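Thanks for asking me to look this one over. My notes follow as numbered points, to be read with the model open beside them.

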Amino acid sequence: MYRCAPAAAPKAAAKTPPTPKARAPSPKPLVPTLPESPDSSDSVPDDITRILKKAKIFSVLIRLLKTTEIMNNINSQLITAKSGGITILAPDDSAFSQLKAGFLNSLNEGQKIELVQFHILPEYVSTSNFDSLSNPVQTVAGKDPTRLPLNVNALGNSVNISTGVVNASIVGVVYSDNKLGIYHVDKVLLPLDFFASKAPALAPTTLAKAPKSATKENSSEDDQDETNQDHSKSGAPSLVNIRGTSTMMFLGIGLVAVATIWT
């Protein structure tokens, strides 16, 4: 007799490897990185001068930051601040050259400080968070919508800034980490406060005084006219008319007397 071989056990179905979960794409920066921008690895966030100097296009801004002593305040804040951070909107030398000749020299010290502060936000804004800002955006200079309006409009890959005087755009990233953001803007952000027309003070009104002599003569004539009118209304003879009549009478008598003597 032939023995049948036992049937082979069915093979277990091969397990399908789990499909890896797709990673959410990282938010795309709204502004491109400048080719001359330093990397975060070779620049420390508390050295604003070094970062701006390495870009080689911000000499005027560096000078303003130093003369107004705001540079020291920023560096100190970056060292001591545990959260928050700072964002600098940095116009390049070409942007400053577009200003009216002598404009910076025409500003007093207070206005220069306000101008620099108007380019600084008291918080760190990443390249992908400009669309989350609430207008008007607060700057270190203040948040008065009538004096210091700063509105940011982020659309697609562009970030536009309006001050009521200037419309500018962010054209690149100079430096960015989780504490400091420096962004290259193509125009100087001029505050509306510099150009708001102020109503001129009204000069005190003074009544012109007539010369005393003329006033007396006019008053005498007016009084005389009123007196004559009063006499005319009452029927009484005017004193001027009486005096004139008496004078004529005396002259007449004198002429008669002279004629008598001669005859």
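1. How many aromatic pairs does the structure hold? There are two aromatic pairs here, and bear in mind as you look at them that the model is predicted.

2. Start with Phe103 and Phe195. Their ring centres are 6.3 Å apart and the planes meet at 5°, so this pair is stacked. A plane angle under 30 degrees is what counts as stacked. Phe103 belongs to helix α5 (residues 103–106), whereas Phe195 sits in the loop between β6 (180–185) and α7 (212–234), so the pair ties together parts that are 92 residues apart in sequence. Phe103 is buried, with a relative accessible area of 14%, while Phe195 is partly exposed at 43%.

3. Phe130 and Tyr183 make up an edge-to-face pair, with 5.0 Å from centre to centre and 75° between the planes. This pair, too, links distant parts of the chain: Phe130 is in the loop between β2 (120–121) and β3 (151–155), Tyr183 is in strand β6, and the two are 53 residues apart. Are these residues buried or exposed? Both Phe130 and Tyr183 are buried.

4. Next, the cavity. The count comes to one cavity of 30 Å³ or more, and the largest cavity has a volume of about 40 Å³. Its lining consists of Leu61, Leu64, Pro91, Phe96, Leu115, Val116 and His119. Helices α2 (59–67) and α6 (109–117) are the elements that give two or more residues to this lining. By residue type, the lining of the largest cavity divides into six nonpolar, one polar and no charged.

5. Now for the overall layout. The protein chain has eight helices and six strands. Along the sequence they follow the pattern α-α-α-β-α-α-α-β-β-β-β-β-α-α.

6. Of the 263 residues in the protein chain, 30% are buried. The accessible surface comes to about 18200 Å², and carbon and sulfur atoms account for 57% of it. Among contacts between residues at least 6 apart in sequence, 65% join residues at least 24 apart.

Terms used. Residues numbered from 1 in each chain as written. Predicted model: local features only at pLDDT ≥ 70, side-chain atom pairs only at ≥ 80, totals over all residues. Heavy atoms only, no water. Helix = DSSP H or I, 4+ residues; strand = E, 2+ residues; numbered from the N terminus. Buried < 20%, exposed > 50% of the residue type's maximum accessible area, 1.4 Å probe, protein only. Contact = heavy atoms within 4.5 Å. Areas by Shrake-Rupley, 256 points an atom, 1.4 Å probe, with all protein chains shown as cover. Phe/Tyr/Trp six-rings, centres within 6.5 Å; stacked < 30°, edge-to-face > 60°. 1 Å grid on protein atoms, 1.4 Å probe; cavity = no way out; pocket = protein on both sides within 12 Å on 5 of 7 lines; lining within 4 Å. Points joined across faces, edges and corners; volume = space filled by probe spheres on them. Nonpolar A, V, L, I, M, F, W, Y, C, P; charged D, E, K, R; others polar.
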